[in-house]
Every structure is written in C-alpha cells, then in structure tokens.
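This briefing is meant for a reader who is meeting the structure for the first time. It takes up charged pairs and then a surface patch.

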Amino acid sequence: MKDFKKYLSEDCSPQELDDISRQLLHATFANEERENLKKTLAEHYHIFSPQVEHRRDKRRLIYYFCVTVAASFLLFCSGYFLFNPLSKTAPAYKKNIAAATLKKETPDTSNEQCQYKPNSPKKPNPLVIETHSEQFTSDWKDQFYPTTHTTLPSQTDTPKLQKSNKAQQTAHKSTIPSLYHKNSAASIALSLVDTEAHTAPKWRKLNIPAQFIHSYQTFFTNFYDKITFGFKPSLVNHNAQFELLLLAPVEVISSKNPIFIGRSTAPITLLKPDFLESFNATSVDHGLDKIPGITMIENQASIRGGSGFSYGSGSRVLLLVNDLPALQGDAGFPNWDDVPMENIAQVEVLKGASSALYGSAALNGIINIRTADATTEPYTKASLFHTAYFSPKDRAKKWWSKANKPFSTGFNFAHRQKYNKLDVVLGTQGYKQKSYRKDYNKQYARIYTGLRYHIKPDFAIGVNANFNVGAGNSYLYWKDSKQNAYIGDSSVYFPRQYFRYMIDPHLHYQDKGGNKHKILSRFHHVLQNQGHTESEINSRQFYGEYRFQKIAKDKNFTFTAGAAWKYNNVHARLYSKSNFKRNNLAIFLQTDKTFFKKLRLSAGIRQECNSLQNHEIIVRKDQNTAIDTIPATKLREAKPVVRLGLNYTLAPNTFLRASWGQGYRYPTIAEKFIDANLMFLKLFPNTDLKSETSHTTDIGLKQRLILDKWVGFLDVSLFWSNYKNMIEFGATKYNNELSNIGLHSYNIGSATIKGIDLSISGAGELFGIKVDVLAGYTFLTPKYKQFDESAFRELPFSNLRSASRLTAASSSTNYNILKYRHRHAFKFDLSGTYRNLSLGISGFHYSHMENIDEVFNLIINDLETYRAENNAGFNVFDFRIGYQFKEQTHISLICKNIFNKEYTIRPALLEAPRNMSFRVEQKF
C-alpha cells in the first residue's frame, strides 16, 4: 500500500461495489463535531455552498417528489427526486444528516492491514477505519481497490445525540456509507443517524453527490450530479448491515470497458445467477431462452431472428466466457454444458452486429459469461436437483413404464476465497439425464478452477481451466407424429462420447500512467467420437489476444486497441479424414468519448484476415464410390468491419441510443468440408462457400423506472438487419448429377430482418414484497431479397438456378419469409419474495414457424400434416415456489409446462411434457 491516493482513484467491479456497499462504515458524532465536519466539506467540496442551497428547499423537494411519482405512471419517467444533492433540509433526513472527512494519512506499509485515524491525538475519535487491500480477479476489473471496514466503539463510549424527541434520546447508533472522492485520498463519510435502537429498522434512501463516488461506473462522475442509495440498517451487536437499493447495472461487451447499461450505445440484457437458479437452469441456455429477443432452437441461439436452424454448425451468435471465444473450433457451435454454472457472476447479452470488436461469428449478437471472483470471506455453496417427467397429454405417445420413468438429476459445488495474494475459485458439476425422448440421453462431469496471483497491486497473473467428460445420444427427428413422437428415427441417431477442456492463462498489468495491459489466451481441445474406437473429431484451437486501454483522467475518453490470433487444427472422419488448418489474425481499436456529460459517441474498427488450408479430399457417395476430388488448397480472405454508436441522455433516467454496425462470419470447417451420410441423403462439402456479412441499424430508448424501492428499465428498440451471402443448409445435387442428391451449405443471397423489440426488467421492493420482473415482446418481418414464387414446390435439387428460384424452391411456403423464424414472441417472468417465501410464474408465446426446408416435409413422416394441424402457435407456463431456511438453506419446487402443452420449437422434435423439479441449495 504505497500510494493510498492511487488506490482510491482506481475503478472497481460490480461485485466489489456490492461488497463495499454491504459493509459500510459505522460511526457516531457529537453535535460539535458535526459542525466542524460540515465546515470541512464546505471548504473542500462546496456541497453546502449558497449556490446549491436553493435546490435543497424542503417544499421544492416535496413538489418534485409528487410530480415525479405521477409522471412515472403516465410517461414511464420516475426517480428524478432521488437524484437531488444531499440536503440538510431533505424531509427524510432533517436533523439526521452529518458528514465526516478523514485527513490524508500516510499508510503503514508494514502490514497489509492498515489503520487510519485523524491526525489529532488529543481528541479521541470514535471512527476507526481498517483498510484491507484486495485485488480484483475478473478479467475486466484488475485494479487494486481498498475494501473498508470500521470498528464501532462500545455503547458506553458512544456520545448521545441531542434530539427533540425523547424516544430518540436512548441508545443511538449511526451508520455511514464510505465514499471516495476521485481526486482525493480522503475518505468522505456521510452519517445517517438511525432511530431508537429498539425500533425495527426501516428502509432509508440517501442522496449522495456524485463527486463523492468513484467507481468503475464512469457515468457516476462523468454524468450524474447525484446518486441515490438505499439501505436497511440492522442494529444487532453494533453491526450495521446494508442492502444496496440502487446499484446501477454495468456491462462490458459493447466497448470492452465497464459502463452503466443505460449509457450503452447497443441494446444489452443482463442475467444474474440468482435468476438462473430460481428455475433450476442446469445449463446457461436454459436461462437464455427467458430473454426477450432470443430463441433457442435445438441449443442454437437466435437473436432477433438472425439465425435459423443448422444442425450442429454455423452459429451467428458468438459465445464468450470471460471475454474469450468458446465456440467449438471445427463447427463453430457452443457447448453449453462447458459453462461453469456454479460460478457465474453475470450473463451479458448484446443484440446486434458486433464483429468490430469480436470478429467472426458475432454476426447478430454476443453472449458473454462472466465468472465470479474470489472473495475475502470464504464462499462455499452446494446444490442438488432432480427432475421427474409426467405423462404427455396424449397418453398414446408415452413410451415409458412406471419402472422406467424418465428423469434428470445432478449437483454442483462452488468455493471461492482469497488467500493473501492468491485468489482461488473452484467448481464442479455432475449431471445425468434419462430423457423423455427415448434414448435421447446424456451424462457428464465437469470441473472448473480459477487461480490468480497478485505479484503487485497492479500486476497479476492467473490461469482458468475447465474440464468436461461425458457421453450421450440424440436424434435428428421423430419416427412419426403419432405413437412414436418421442421416439427417434433409427437412421438418424447420433451416439457420442467426448472429452473437452479449456485452459486460459492470462496476465493483467497497469502501468504508472494508468494504462491497462491485458494478455488473454485459451487452448480449447475437443475429442469426440460416435461409438467408434477411432476419434470422430479432434479439434484444437489456440487463441491469444493483447489488449491495451487508455482512460482519460476525467473518464470522458477511452481508447481501446489490441490484436488477436486464433489457430484451429482439425482432423475428423466427418471431414473426409483430412487435416485442416485455419488461421485468423485481427487488429482492432475503439474509442468512446463523452461530450457535454450527455452525449456519448463510440466508434470501432477491426481488420479480419482469415486463411484456411486443407489436404486433398476425395468426396464419396459411399465407401466404395468416389464422385469428386478436391485438391489441396489454401484460401485467404481479408475484410474490415466497422461499428458506430451514440447515446444521448434526454433526462436523468431517459437514454436515447442509435447504432450501426457491420457483421462478418467466415464459414466453419464443417460447413465447407463436411462429408458424411445421413439416412439415404448425403452431406456434401461446398468449397465455394463464401463468407456472410451484414449490417444492422438499431434505434432505441431506455427508460429507468423507479417505483418506491423497485428499480427497473423499459427498453424499446427498432432494428433493421441486412444480410449478404447468407448461409443456409439445404438440398442440392452434387456436381449437377441427379443421382448425387444430398444436403450442403450454400449462399442464398441477401435477406432483411426488420422488427421491434420491447422489454422490461427490474428488481426491488413494492409494498414490502421483493419483486423481480423480466418480460418482453419481439416482432419480426424476415424476408429474402430474392424470392421467385413461381418456383414453389419445384424440387430444390432439380436444376441449378438463380438465388430467387432456389430460395422459393427450398421453402415450404409459397410466400416470402425466412425459414425457422417466429414472427411473434412474447415472454415474461415474474417472481415475488415475502420474508422467507418466494413465488414465481413465467411463460412464453411463440407464433407458428411458417417456413421450413421443404425437403424435410418430403423425408420426415407426418411432418407436413402435424404442422398443418398445429399452426396457431403455442403458450407455455411455468410455476415455482421456494423457501429460505435461515440464511444457509434454500429449497425450491419448479413445475414447468403446467398445462402439459404439446409443442415443438424445432420441427419434428417434441419438447418436454409437464415436469417437476426439486432443488436444494446449501451455503457453508
């Protein structure tokens, strides 16, 4: 602790800010001390100056309060009165506000635990601050920041505050949040005197000038003049515990720099681990389908209709784990079971093209999983869960007996702790499923570990590792839609065994000028076979990135630049037993600038360079018949991608944004070179496949809602996406030979997707009940730019044709709409907690999926008939109840698909009937 002033000026993380907020300082002050402290603040920070005194009039504050509450119901604007500066005339704190400041002291560096006291030794001061140095462990908050605690004097030493109310002349205790001025080493303490000790503590709100707060959230000191905190003090054993009321959510993925979500230039949605656990999400994709605008189609994420369905390859949504790509190297799809569910800190979802910062595959969005950090106090938690399935509504489709019921069960365990300079995060999960779909089973065991060592306060190295071993079976489509709807066609079963692991070394350094340097890397290895002794897939992926970030002292300007390298080495029987090498080199930069405290501009550019090398490939119709030879080649491609965005603050709680960004996706090895048999059809390679590009325009309005102690956001977006050389998977005849009929990936030309996306999310207390809300509606108009209706019902592999005739011939509809999209989607999740009991209900509505590949109507039994009989969309509802025993044990019961609705999201694959899950969580 050589420079306390430097530590106080560093950024901090949401988790650290939450810890600080829940461990706020305690102190009491005599009346004469209060006036001296107030005078000191007036001299140094001018918070009691005459220039702002008129804003603190009691009647004006009450007037703003009434006007704002009324407007919140009519215009979705609320909370302005919460952001007035701290006032000694504020009605809730009249005669109860005191302020204290500590003079700068030279810390005692002989001990990690330093103690600060006022300079004057003659006057004993009850305020004693102990500062413990802590180092952040997440990839986006690697600065040193002090976590503060205080010791409270005994009750006999506590000065009694003079009050007019006799009931308040008994044992008083005061609680103060610790706040830091960004340009001072002094710790500014504001005290709030509580009521009688024997009175049950009530919720309090405290308006704090923003210049007192310095944190990772640049909007605090760059934009807002005042910040509102709410807390509930507990007067047990002289220890005050605080619950943060208004902790502004922060995202990173839009700029690789933590910012307040309201100031983002792109639409962002955040999920917390408590939300995922509340409905027993055993993998993160089970939580993503709760987010408005996201559709999960057979484990593939589609954001705002940007993706259709392509079995096992070609995701247009980039999955990141701690800012590092986590898509499988050969096929470019996510393995959701690899995400460490037990150690998730936050899930960030960005909607829209984001290739300017993250490159290929971020064509229409990003899903970033941030793992939790180690904590000073040990955190240990274990969970057990079990799910049982009921009979389907149509009993004729039930294939199991009482002795052979489907189920799923599992556990997870997490431990996080700091050991001096070493941060340790551990986690494990086991899962086994005997599916309601016959022989559609899986089981796996996964271990996660994260280590970080702090060489210096501004220099840390670490490594994260994740290992997953498992096996399972799946099928592509049902046997028929009647009695065998939950049984797969035997010709399209896919048994598999796998071993996957990721090892992530990383380094974080901050130089004397405050510049941040990061080196991030990942080795991602996948070994998978399909019941054979010879490995079916052997995919190795190496990723490395250097990132430099410069943040101006006034926090109004941020410059981010870096370079990334990704190398794939793949050998697989699926790809003609050939060996493939793919290189990706990229440089990127982004600038973020704030003007007039209200206008934030963001601009980024990335240069992508891709190369793909393959050995000679012999394409075979069967094991004995060769139909083509693809020579050894090396393909190269370079492309720049750009993104622009702005955010303007119309009012303290109202944010207008606009963005335009390009997307880019280079075809995966699987899409270009797959060579396998699927029933009587063949999967053919397509070496002529071109990369697909897009550009997306988004105009949105984000409104913060504040109702009593409930805080939320209303978000409205209008978006327009244009795609060029869009890639789809469909029927073809290879080498123009009618005898060589099969499926392959091809470029369908251009497409547009327009729509509107509305969502509301929030948490807090309403009428004494903790209420959490997440709901939204998405409307799409997805169309091909070239669609010749006259080609409808022609065999899609009859002759080579233009893109307009190919799209029409391969579609199951005679009108223009993209395949595998729902025009309308509505979702909601509402939960309430009163004392120890919690209740929740959720549901979703999807309109009918109008268009699919016509070839599936030809080869799948009863598919066309089933879709014609079930073309009105579907509604599904879930219910859950939970109970908290003390502070350590929580049990919950979750019933999904309450009304036992039979439905399909992806054609020819029925979803789960009514099922019941039991979950128990234990903290140690």
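In this predicted model, the side chains of D715 and R657 form a salt bridge with an N to O distance of 2.9 Å. Because D715 belongs to strand β38 (residues 709-724) and R657 to strand β34 (residues 654-665), the pair ties together parts that lie 58 residues apart in sequence. Both D715 and R657 are buried, and salt bridges with shared partners join R304, K351, R657, D698, K702, D715 and D757 into one network.

**Other salt bridges**

- The structure holds 31 salt bridges, and one of them joins E921 to K381, with the closest N and O atoms 3.2 Å apart.
- E921 is in strand β47 (residues 915-923) and K381 in strand β20 (residues 379-389), so this pair ties together parts 540 residues apart in sequence.
- E921 is buried at a relative accessible area of 10%, and K381 is likewise buried at 8%.
- A further salt bridge brings together the side chains of E911 and R437 (3.7 Å, N to O), linking the loop between β46 (889-896) and β47, where E911 lies, with the loop between β22 (422-434) and β23 (442-456), where R437 lies, 474 residues apart.
- E911 is buried with a relative accessible area of 18%, while R437 is buried with 7%.

**Nonpolar surface patch**

- A nonpolar surface patch of about 900 Å² is made by ten residues, F595, F596, L601, L646, Y648, L650, L656, I699, L701 and L718.
- Two or more patch residues come from each of β33 (633-651) and β37 (692-707), and β33 gives the most, with three residues.
- L646 is found in strand β33 and counts as partly exposed because its relative accessibility is 33%.

Definitions and conventions. Residues are numbered from 1 along each chain as its sequence is written. This is a predicted model: local features need pLDDT of at least 70, side-chain atom pairs count only at pLDDT 80 or more; totals for chains, interfaces and linings use all residues. Side-chain values use heavy atoms; hydrogens and water are left out. Patches are made of residues with over 30% relative accessible area and no salt bridge: like charges are joined within 9 Å, nonpolar side chains (Val, Leu, Ile, Met, Phe, Trp, Tyr) within 5 Å. Accessible areas come from the Shrake-Rupley method with a 1.4 Å probe; for residues, only the protein chains shown count as cover. A salt bridge is a side-chain nitrogen of Lys or Arg within 4 Å of a carboxyl oxygen of Asp or Glu. Helices (H or I, at least four residues) and strands (E, at least two) are DSSP runs, numbered from the N terminus. Buried means under 20% relative accessible area, exposed over 50%, partly exposed in between (1.4 Å probe, protein chains only).
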